[in-house]
Amino acid sequence: MAAPALPPLPPPLKSIQHHLRTAQELDKREPVVAYYCRLYAMQTGMKIDSKTPECRKFLSKLMDQLEAMKKQFGDNEAITQEIVGSAHVENYALKMFLYADNEDRAGQFHKNMIKSFYTASLLIDVLTVFGELSEENAQHRKYARWKAAYIHNCLKNGETPQPGPIGMEGESFDVEKEEAGSSSVHSGTTQPASSSTYEANNTPTSNYTGIHIPPGAHAPANTPAEVPHNTGVTSNTIQPAPQNIPLVDPSLYSAQSGGEVRLTPEDFARAQKYCKYAGSALQYEDVSTAVQNLQKALKLLITGRE
């Protein structure tokens with residue numbers, strides 16, 4: 001089912017254009033993530049301007065797209081249950097981040113990894129649909145956006161980027177110019193490149209050498225394909241990396257509830273969340289994350305504590 005075409009994006013809503021473009025790119029490959037990208041754009045657009053005729057018309061058409069997708073994927077738990085949808089989007093964002101981080105640490109700098117960093121940051125934006133970002137995800141978003149700008153500007157100036165986490169300085173990355181020729185957010189219409197520029201110096205300057213970022217070696221075997229691969233840069237094919245599987249907590253073998261543990265509705269909800277996270281992690285062959293979340297759920301259900 002083709003989603004209804006959107007009218008041209010009104011200038012006041014320019015800040016949501018990249019999230020809508022990401023949705024369009026993921027429509028066939030990851031429709032759940034595409035749905036939540038549009039939902040984020042809708043909610044953000046409503047906060048920006050829902051009164052002027054031009055914006056109201058655009059947001060109304062976007063709402064029609066969301067309703068059409070909801071009908072099409074109405075039997076998908078990731079659409080009908082927010083806790084499942086949140087886990088799905090978060091795991092896909094992490095997949096994008098780890099792919100780019102793996103390439104970065106290996107010194108493989110190219111447009112595909114730059115866009116993967118930037119797209120990961122957009123998908124972490126989308127996670128705010130489900131509530132406030134965790135501190136870890138907020139750091140990942142800042143780091144991914146800054147890395148995209150830093151590596152882009154280095155390559156543009158003929159410089160060799162420094163791999164891995166380093167001190168952050170102000171960088172800017174004009175996404176529109178780098179994506180010249182790509183499809184617009186509304187079907188069948190070409191928009192001129194705007195002057196929208198991500199300013200990394202909007203983020204407080206800080207030293208990122210101590211940031212907690214999952215090692216690139218743990219990147220999933222299946223890497224994303226969000227942009228064309230004919231970047232003109234040769235990159236070694238990423239082989240599935242051995243995963244460090246966490247040891248099972250020995251206390252879980254002997255733990256007994258003793259009958260006195262009373263679980264609250266919030267406890268059951270958290271246990272369900274951990275199980276959903278584990279299931280979503282397995283979709284991306286992330287055994288370590290799956291094991292960790294299953295252990296958290298088991299410990300909570302047995303002892304009533306996390």
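Let me begin with a term: a residue is called buried when its relative accessible area is under 20%, exposed when that area is over 50%, and partly exposed in between, with a 1.4 Å probe and protein chains only. Helices (H or I, at least four residues) and strands (E, at least two) are DSSP runs, numbered from the N terminus.

What you see is a predicted model, in which local features need pLDDT of at least 70 and side-chain atom pairs count only at pLDDT 80 or more, while totals for chains, interfaces and linings use all residues. Residues are numbered from 1 along each chain as its sequence is written, and side-chain values use heavy atoms, with hydrogens and water left out.

The chain holds eleven helices and two strands, arranged along the sequence as α-α-α-α-α-α-α-β-α-β-α-α-α, and of its 306 residues 46% are buried.

Turning to individual helices, α1, residues 17-26, is largely enclosed by the rest of the structure, because eight of its ten residues are buried; among them are His18, His19, Arg21 and Leu26.

Helix α2, residues 31-48, is also mostly covered, with 14 of its 18 residues buried, and from first C-alpha to last it reaches 25 Å, close to the expected 26 Å, where the expected span is 1.5 Å times one less than the number of residues.

How far apart are the end C-alpha atoms of helix α7, residues 135-156? They are 32 Å apart, which agrees with the 32 Å that its 22 residues should span at 1.5 Å a residue. After α7 comes glycine 158, whose phi is positive, near 75°.
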